[in-house]
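Here's a quick tour of one protein model, going from the whole fold down to a few single residues. Have a look at the structure first, then read on.

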Amino acid sequence: DILVFSNTDAVNGISYLSFRFPIDLLSPEEYKYLIFYSGVITSLGFAGKNWAEASSYVAENLGSLDASTSSWTIENKYLKNYGLKSLDTKENKLALYEKNPLVDRDWLTFRVKFLEEKTESAIKVLYECIKTVSFDDKERLSQLAKEYYAEMLSSIIPGGSEIASIRSKIGLLHSSTVTEIFTGVSQIYYSKEIAEMDVEKLASILKSIHNKIIDSGLVVNITASEEGVELIKKHISPFLKSFSYPKAPNFYSLKDFIAICKPENPSNEPEWFDAKSCIGFSSCACKLPEIDEKMNVAINVLLRWFSNTMLWERIRTVGGAYGARAFLEDMDRLLVFYSFRDPNPQKSLEEFLNCINEAANHTFSLEETEKSITGYYSAFIIPRTPRAKGEVAFLRMICNKSKVEKQEEMDILLKITPEDLQNAAKFLKNTCVNFQKTIIYNKNDKFAGKISVLPL
């Protein structure tokens, strides 16, 4: 049976529906095209209509239609709940699938929103878009490929800090490596390849990827009023017969994915990408060992203080960068630092490492601790829209993270002491010694690392 999840909320007459397909049946090589695919799949003709007609058809029945990719790596503490220590083998990966077919997967998600009274027609449009999309309009596809390359180039400077931070996380986890393939430096190179590719070949690749994805199995997520949920379930039922239960993933190792985005630098030496820019971006990242919840919360509070004090003073005030930030990616236990619009990104990386060492010797006052707790708490309780609540509920499920755990984190947060922050600082100093480093700037021949030129 198709897995259908639902969330009821005060949605003010608007319903939200997601169709999720596992994409980890594809090869690492096919992952290179998934971001372009996810962008064009809702920008082509379908149901016998050309693009202009299909666009009008969508506008008549839907408030929005989009597709996107995501990747999630299960935390070790949750993996243990399934009696597994790692997912390094095909046997373990299949064992996890048998116990829970949703965790530690990569996804393509189609999302639509629509007025409740448009439910029947909205579901029909979504189904037709997925099932009958046409890749035959070569002129349209060629135009989209060229536009995609231009968009990737124009994103380098405004998004430089994010691109650099994504690059610095390659190889630390499956999800961080896949994210680099999707939206990092690698995708800039892929976008050029896509724009210059023979359009017949491109159409063939996309069609093959599409057929594999819609055959990989379906998971449905609904957010609507109680009446809206029942209405969607009623009208969606006939369409679900042409989809299957999520299939088991194919097994590819982390090295297989690293080979797609970093074949020329397997030793993880620092990387410098020449963007022919007068402003730079730097980032470094490392993976933390497994830690308890109290240390996790203390590190998050510490990094809040760290970004607003030491990093601000050294990198913003003295160094002249527009800003800098250090943070912990909570689901992945990755420590990440980046600077942006930076006149000396290499110096900023050095200062970041110096600041970690100095923080370990800092005596935290009660006032500093309380301010940092308040700052982190305010980010912790950001209100969410009904659609976001539905998405978060689904993500919690596929990541094995419950509301109870979130409340436990908050309880710990309110009890953090100056001593806890000092312990967290000492932990980072002693643990975070092997950072992967990335710089995006203009060329520097004196850089002691791998230098590459972006395909501008």
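## A buried threonine

A residue counts as buried when its relative accessible area is under 20%. Keep in mind that we're looking at a predicted model here. With a relative accessible area of 16%, T42 falls under that cut-off, so it is buried.

Where does T42 sit? You'll find T42 in the loop between α2 (34–40) and α3 (51–61). Setting aside neighbours within four places in sequence, the contacts of T42 are W51, L65, D66, A67, F110 and C129.

A47 isn't a glycine, yet its phi is positive, near 55°. At a relative accessible area of 29%, A47 is partly exposed.

K276 is another non-glycine residue with a positive phi, this one about 50°. Look for K276 in the loop between β6 (271–274) and β7 (280–287). Is K276 buried or exposed? K276 is exposed, with a relative accessible area of 59%.

## Helix α15 and its two sides

Now for a helix. In α15 (residues 310–318), the buried residues are M310, L311 and I315. Viewed down the axis of α15, these buried residues stay within an arc of 95°, so they line one face of the helix. The face turned away from that buried side carries T317 and V318, both exposed.

What covers the buried residues of α15? The cover includes two helices, α14 (293–308) and α16 (345–359), along with the strands β8 (323–329) and β9 (334–342). Just after α15 comes G320, which takes a positive phi of about 85°.

## The whole fold

Stepping back, the protein has 20 helices and 11 strands. Its radius of gyration is 23 Å, close to the 23 Å that the globule rule gives for 456 residues, so the protein is as compact as a globular protein of that length. Along the principal axes, the C-alpha atoms fill a box of roughly 65 × 50 × 45 Å.

Of the 456 residues, 53% count as buried. Among contacts with a separation of 6 or more, 84% join residues 24 or more positions apart.

## Surface and charge

The accessible surface comes to about 20200 Å², and carbon and sulfur atoms account for 51% of it. As for charge, there are 55 positive and 60 negative side chains. The centres of those two sets lie 1 Å apart.

Notes: Residues are numbered from 1 along each chain as its sequence is written. This is a predicted model: local features need pLDDT of at least 70, side-chain atom pairs count only at pLDDT 80 or more; totals for chains, interfaces and linings use all residues. Side-chain values use heavy atoms; hydrogens and water are left out. Helices (H or I, at least four residues) and strands (E, at least two) are DSSP runs, numbered from the N terminus. The radius of gyration is taken over C-alpha atoms; the globule rule is 2.2 Å times the number of residues to the power 0.38. Buried means under 20% relative accessible area, exposed over 50%, partly exposed in between (1.4 Å probe, protein chains only). Contact means heavy atoms within 4.5 Å. Accessible areas come from the Shrake-Rupley method with a 1.4 Å probe; for residues, only the protein chains shown count as cover. Lys and Arg count as positive and Asp and Glu as negative; His and the chain ends are not counted. The place of a charge is taken as NZ of Lys, CZ of Arg, CG of Asp or CD of Glu. The arc is that of the directions from the helix axis to the C-beta atoms.
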